[in-house]
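Please keep the structure in view while working through the numbered points.

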Amino acid sequence: MAERKQAKTSIRGYLLRRIQLGLISALLVGIAALAMAIAYGRMYPGANPQTDSFEGGAAPEFDGSIIIDPPLAMPDFTLRDQSNKSVSLVDLRDNFVLITFGYTNCPDVCPLTLNEFRSIRESLGSSSEEVAFLFISVDGERDTPEALRSYFALRELDGIIGLSGEEEAVRALGLDYGLSFEMTKPDKRGGYLVNHTAGSFLLDRNGRWIRRYQFGLPPGRIVADLEELLAA
């Protein structure tokens, strides 16, 4: 009798553990689905991820590039470049504009992205004159026009425009691109890092956002997009 009760208790415990695991798994799947729906809704307002992803068959595999369709008209902004001249987005009309956000004291992501910008510009050859390359600093306190000019000269970043301004101004313009950035706690010498949104953003000749590129996407992929757009 005792052995039978012990067996029933073991079976009941096993079943309860299985039910608990099932509930936890269902909860995790639900959270993941909700996160995907929120992200999809932010990028494609009005879209229905529960139907849009399957109406035409399986959803395409993400390759690090997002097409913004329909294109989004982006608000104008004005900052200072490395020559301490005022530059507005509207000044760059009739050119495609490739934008990235970063700061010159960045130890990794920003130097790599700027290297990629230089590679893209070189690959485009003479067509690069129809593309404006913008590096917008998220650390205006240290990235003065003079600091940007020295940094760009040292790294031979010819043809790339470095921009900086007050933190409030950069945060305001960054909202439309989903930019976020935050300074870390300063060390004993006052040095700090800036955690920020990586990747790049492509605007068309009319100042409309048309592509979002993930950090780490091969530069050749962006070159191919630009060549196709320039030839159209």
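How many aromatic pairs does the structure hold? The first point takes up this matter.

1. Aromatic pairs. The structure, which is a predicted model, holds eight aromatic pairs. One of them joins tyrosine 177 and phenylalanine 201: the ring centres are 5.4 Å apart and the planes stand at 75 degrees, so this pair is edge-to-face. An angle over 60 degrees counts as edge-to-face. The pair links distant parts of the chain, since tyrosine 177 belongs to the loop between α5 (167-174) and β7 (181-183), whereas phenylalanine 201 is in strand β9 (residues 200-203), 24 residues apart. Both tyrosine 177 and phenylalanine 201 are buried. Ring pairs also build a cluster, whose members are Phe101, Tyr177, Phe201 and Trp209.

2. Confidence. The mean pLDDT of the protein is 83, and 74% of its residues reach 70 or more. Residues 2-57 need caution: over this stretch the pLDDT is below 50, and beyond near neighbours in sequence the stretch has 14 contacts in the model. Where pLDDT is low, the predicted coordinates should not be read in detail.

3. Overall composition. The protein has six helices and 10 strands. Of its 232 residues, 34% are buried. Among contacts with a separation of 6 or more, 68% are between residues 24 or more positions apart.

4. The sheet. Eight strands form an open sheet with mixed pairing, in the order β1-β10-β9-β4-β5-β6-β2-β3. Why do β1 and β3 each have one side left without a neighbour in the sheet? β1 (65-73) and β3 (86-88) stand at the edges and each has a single partner strand, so one side of each lacks a neighbour in the sheet. On average, neighbouring strands of this sheet are turned by 30 degrees against each other, direction ignored.

5. The β2-β3 pairing. Strand β2 (residues 78-81) pairs with β3 in the antiparallel sense over three bridges. Threonine 78 stands opposite serine 88, which is in β3.

6. Strand β9 and its partners. β9 runs antiparallel to β4, to which four bridges join it; here serine 200 in β9 is the bridge partner of threonine 100. Four bridges also join β9 to strand β10 (residues 208-213), again in an antiparallel arrangement, and leucine 203 stands opposite tryptophan 209 in β10. The hairpin of β9 and β10 has four residues between the strands, and glycine 207 takes a positive phi near 75 degrees there. Both faces of β9 are covered: Ser200 and Leu202 on one side are buried, as are Phe201 and Leu203 on the other.

7. Helices across strands. Helix α3 (residues 109-124) lies across β4 (96-102), β5 (131-137), β6 (160-164) and β9, and runs at about 170 degrees to β5. Helix α4 (residues 145-154) lies across β2, β5 and β6; relative to β6, α4 runs at about 155 degrees.

8. Charges over rings. Where does the charged end of arginine 142 sit? The charged end of arginine 142 is placed over the ring of tyrosine 192, 3.7 Å from the ring centre. Arginine 171, in turn, lies over the face of phenylalanine 181, at 3.9 Å from the centre of that ring.

Definitions and conventions. Residues numbered from 1 in each chain as written. Predicted model: local features only at pLDDT ≥ 70, side-chain atom pairs only at ≥ 80, totals over all residues. Heavy atoms only, no water. pLDDT = per-residue confidence, 0-100. Contact = heavy atoms within 4.5 Å. Phe/Tyr/Trp six-rings, centres within 6.5 Å; stacked < 30°, edge-to-face > 60°. Helix = DSSP H or I, 4+ residues; strand = E, 2+ residues; numbered from the N terminus. Buried < 20%, exposed > 50% of the residue type's maximum accessible area, 1.4 Å probe, protein only. Lys NZ or Arg CZ within 6 Å of the ring centre and 35° of its normal. Pairing = 2+ DSSP bridges. Axes fitted to C-alpha atoms, helices over the stretch in contact; angles between N-to-C directions.
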